[in-house]
Amino acid sequence: MAIVRWTPARELAGMEIDRLNRMFADFYGEAFGGQAWVPAVDIYETEDAEVVLKAELPDMKREDINLTFENGVLTIKGERKFSEEVRRESYHRLERHHGTFSRSFTLPNTVDAARISASYKDGMLTIRLPQREEAKPKQIAVNVE
């Protein structure tokens, strides 16, 4: 057995961090306490001046995903349900979060809301946000005199 030196300051610091985590979890709810599920999202722009948003939503059904676009804000909401195939008591480790989530993104006013499209395949939600024609960059020819 190894001898470990006791450092009271380290133990007090750990207790203080735990207390702060509990305080923020109580105030902000699950989102700050580390228990809420927040899916990962990539956002990029294509050469055609189209913004693409990809969200990882594994193990979800299309019916459990809700998209809204209102006042320039795109909101993705959903719920990943806990599979009852295995009893919760039978798990040795449970790291994947389940439950509801909500992510909102403010989009530029150049996005054409009427042409927004979304697809869901292999656990990946892809949202295409085309820009209005007048917002796309235009090539201007320079005449030489």
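Biologist: Is D112 buried or exposed?

Modeller: Relative accessible area decides this: buried means under 20%, exposed over 50%, and partly exposed in between, with a 1.4 Å probe and protein chains only. D112 counts as buried because its relative accessibility is 18%. This is a predicted model, in which local features need pLDDT of at least 70 and side-chain atom pairs count only at pLDDT 80 or more, while totals for chains, interfaces and linings use all residues. Residues are numbered from 1 along each chain as its sequence is written, and side-chain values use heavy atoms, with hydrogens and water left out.

Biologist: With which residue does D112 form a salt bridge?

Modeller: A salt bridge is a side-chain nitrogen of Lys or Arg within 4 Å of a carboxyl oxygen of Asp or Glu. D112 pairs in this way with R115, and the closest N and O atoms are 3.6 Å apart. R115 is partly exposed, because its relative accessible area is 38%.

Biologist: How many salt bridges does a search of the whole structure find?

Modeller: The search finds three. Another is formed by R128 and E50, with 3.1 Å between the closest N and O atoms. This pair links distant parts of the chain, R128 being in strand 7 (residues 124-130) and E50 in strand 2, 78 residues apart. Strands (E, at least two residues) are DSSP runs, as are helices (H or I, at least four), and they are numbered from the N terminus. E50 is buried, since its relative accessible area is 19%, whereas R128 is partly exposed at 32%.

Biologist: Which residue forms a salt bridge with D64?

Modeller: K81 does, the closest N and O atoms being 3.3 Å apart. D64 lies in the loop between strand 2 and strand 3, and K81 in the loop between strand 4 and strand 5, 17 residues apart. K81 is partly exposed, with a relative accessible area of 49%. D64 is buried at 18%.

Biologist: Which residues is D64 in contact with, leaving aside its neighbours within four places in sequence?

Modeller: Contact means heavy atoms within 4.5 Å. For D64 the partners are K77, G78, E79 and K81.

Biologist: Where does pLDDT stay under 50?

Modeller: pLDDT is the predictor's confidence in each residue, from 0 to 100. The protein has a mean of 80, and 76% of its residues reach 70 or more. Over residues 30-34 pLDDT stays under 50, and the model has six contacts beyond four places in sequence for them. Where pLDDT is low, the predicted coordinates should not be read in detail.
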